[in-house]
Amino acid sequence: MMDLKPLGKLFQRQPGNSLLGLSFDGSRLDGVLARRTNGSVEIKKRFFASLSLDPLTAEVELAGREIRNQLDAEQIRERWCTVGLPLNRALTLTVKLPEIPDEDVADFLQIEAERGFPYSPEELMLAHSRFRTASGGQFATLVGIPREHVARLEAVLEAAQHRPVTFSLGLTALQRADMESAEGVIALLPGEVTVAMQISCGGGVAMLRTLDGAFEQTGAERELQVEHIAREIRITLGQLQPEVRESVRRLRVLGRNETAQELAEELQARATSLGLRVEHVRDHGAEEYGIKIPSATPVSAALSVAVRRLAGQEGMEFLPPKISPWKQFAERYSSGKLAYAGAGAGAVALIVALAFLVQQISLWHWRAKWSGMEPQVAELTKIRDEIRRYRPWYDESVRTLAILRRVTEAFPEDGAVSAKTVELREPATVTCTGTARNRDVLFKALDRLRDTKEISDIHVENTRGSTPLEFTFNFHWGGPGAP
């Protein structure tokens with residue numbers, strides 16, 4: 001069967017060699033515009049902005065407009081973006097993997113997520129990272145972010161005229177767990193109000209958490225609570241599996257700012273008592289992600305997520321998958337389904353063709369019928385037109401005779417009243433002149449005319465003389481029954 005997936009990729013729109021990396025941390029927005037050229041990454045622009053609206057609580061359009069205004073101020077037009085999510089939005093759970101085939105691991109983790117998270121599976125975007133201990137034990141760290149948060153942030157970015165291609169955790173992109181072998185590492189990333197912590201070993205993430213209370217507001221300044229952070233580190237190490245705890249030997253503080261510098265210096269002595277050596281990581285490695293990064297590039301969660309995407313490396317993904325119409329078609333009709341769909345389409349086409357053929361045969365039949373009767377129809381049509389033309393000249397109702405009859409019936413039979421002229425004027429006015437023996441017999445004749453239902457509005461125009469009496473009257477012809 002034909003494989004439609006390559007065609008789907010051909011028509012699917014993909015980002016180019018440029019990406020805008022964005023990272024959210026409280027009210028802080030970090031951004032970097034990166035471009036890949038010939039196996040290296042060029043940093044086109046970096047910026048930092050403070051947002052007055054929280055994208056997860058404010059109106060979508062307003063939050064999107066604020067981000068758009070910040071990017072317009074930086075003259076950034078790139079629409080494709082990657083997003084580094086803050087760790088404080090994530091839920092985590094570490095589970096031990098039983099001896100099961102790899103194809104069954106996803107189902108097992110789904111069941112564990114349903115049992116361990118206070119959300120239904122439909123309400124979370126899930127990702128996981130697997131790691132192995134020195135004794136060969138296998139574990140997985142499940143990370144869930146509420147789907148509502150992801151969907152809302154995606155809507156805000158779309159309102160800001162951006163198309164996200166990946167949602168990932170900024171810290172997991174900065175500290176690549178897949179690069180670690182047996183030695184475990186604690187990575188700390190100071191943020192605006194919290195410190196994000198990641199413990200990785202055995203090629204995966206063993207623990208993720210945020211250290212709340214890492215800062216205390218003193219007037220207009222924030223004071224770093226180093227003792228609180230050190231205590232949380234000790235507590236976290238005590239919660240690890242013994243094999244994982246024994247493997248942790250390094251503590252890396254990520255960031256070039258003053259907070260990261262202070263945290264690295266203050267933890268030096270405290271980390272030694274825990275068997276940890278402290279590293280302050282200020283810049284990205286030259287080929288940390290498999291492609292060259294400019295030297296002395298400050299570590300940045302926004303840059304890390306973007307560079308990993310440009311390098312084609314996969315990480316924890318929380319962006320809901322976008323299924324294009326073409327892909328839906330390919331998945332629906334791939335393999336045997338395509339043959340059935342083709343057969344169905346052919347059957348439908350055959351039925352339509354037969355319907356048109358039957359219709360055409362019917363048209364031919366009735367056209368032949370019409371050709372045979374067309375001369376007779378033409379002749380009848382001509383006669384009909386002639387009748388319509390001359391009908392106004394003929395009055396089939398013989399109205400004049402009817403009027404004379406009614407007048408004759410009203411006049412006395414002995415000739416006491418006689419008519420000389422009866423004149424019909426259009427539309428239905430009749431004028432009668434004549435003589436009468438006297439007025440009495442005339443008025444009696446007029447009364448009989450008034451009793452006639454076809455006659456109305458009798459009016460005597462004039463009379464002259466007495467014996468005989470000459471008269472002229474008129475009336476209206478057209479009552480009920482009049483022709």
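Modeller: Buried means under 20% relative accessible area and exposed means over 50%, with partly exposed in between (1.4 Å probe, protein chains only). This is a predicted model, in which local features need pLDDT of at least 70 and side-chain atom pairs count only at pLDDT 80 or more, while totals for chains, interfaces and linings use all residues. Residues are numbered from 1 along each chain as its sequence is written, and side-chain values use heavy atoms, with hydrogens and water left out. As an opening case, take F131 and F139, both of which are buried.

Colleague: How many aromatic pairs does a search of the whole structure find?

Modeller: Rings of Phe, Tyr and Trp (its six-membered ring) pair if their centres lie within 6.5 Å, and planes under 30 degrees apart count as stacked, over 60 as edge-to-face and the rest as tilted. Searching the whole structure gives 3 aromatic pairs. In one of them, the ring centres of F131 and F139 are 5.4 Å apart and the planes stand at 10 degrees, so this pair is stacked. Another joins F471 and F473, whose ring centres are 5.7 Å apart with planes at 20 degrees, so it is stacked as well. F471 is buried at a relative accessible area of 2%, and F473 is buried too, at 0%. F471 and F473 also belong, together with F475, to one aromatic cluster.

Colleague: Which strand does R464 have its bridge partner in, and which residue is that partner?

Modeller: Helices (H or I, at least four residues) and strands (E, at least two) are DSSP runs, numbered from the N terminus, and two strands pair if DSSP finds at least two bridges between them. The bridge partner of R464 is E470, in β19. Strand β18 (residues 455-464) pairs with strand β19 (residues 469-477) in the antiparallel sense, over 7 bridges. The two form a hairpin with 4 residues between the strands, and there G465 takes a positive phi near 85 degrees.

Colleague: How many of the residues of strand β7 are buried?

Modeller: In strand β7 (residues 138-146), 8 of the 9 residues are buried, so the strand is largely enclosed by the rest of the structure. Strand β5 (residues 91-96) runs antiparallel to β7 and is joined to it by 6 bridges, with V143 of β7 as the bridge partner of T92. Strand β6 (residues 124-132) also pairs with β7 in the antiparallel sense, here over 9 bridges, and H128 has L142 of β7 as its bridge partner. Between β6 and β7 lie 5 residues of a hairpin, and in that turn G136 has a positive phi of about 100 degrees.

Colleague: Do β4 and β8 pair in the parallel or the antiparallel sense?

Modeller: Strand β4 (residues 80-85) and β8 pair in the parallel sense, over 6 bridges, and T166 of β8 is the bridge partner of T82. Strand β8 (residues 163-169) is itself mostly covered, with 6 of its 7 residues buried.

Colleague: Which residues have the most contacts inside the largest nonpolar core?

Modeller: A nonpolar core is a set of buried Ala, Val, Leu, Ile, Met, Phe, Trp, Tyr and Cys residues joined through side-chain atoms within 4.5 Å. The largest such core has 44 residues, and those with the most contacts inside it are F24, F167, L169 and F318. Helix α4 gives the largest share of this core, 4 residues. Contact in general means heavy atoms within 4.5 Å; leaving aside neighbours within four places in sequence, F167 is in contact with residues including V83, L85, V150, L153, M316 and F318. There is also a second, separate core of 31 residues, which includes I199, A230, L240 and V244.

Colleague: What covers the buried residues of helix α2?

Modeller: The cover includes β1 (18-25), β2 (28-37), β3 (40-50) and α4 (147-159). The buried residues of α2 are A63, G64, E66, I67, R68 and L71. After α2 comes Q75, which has a positive phi near 60 degrees.

Colleague: How far apart in space are A410 and G39?

Modeller: Their C-alpha atoms are 124 Å apart, and in sequence the two residues are 371 residues apart. A410 belongs to helix α12 (residues 399-410) and counts as buried at 3% relative accessibility. Apart from its neighbours within four places in sequence, A410 is in contact with A445, R448 and L449.
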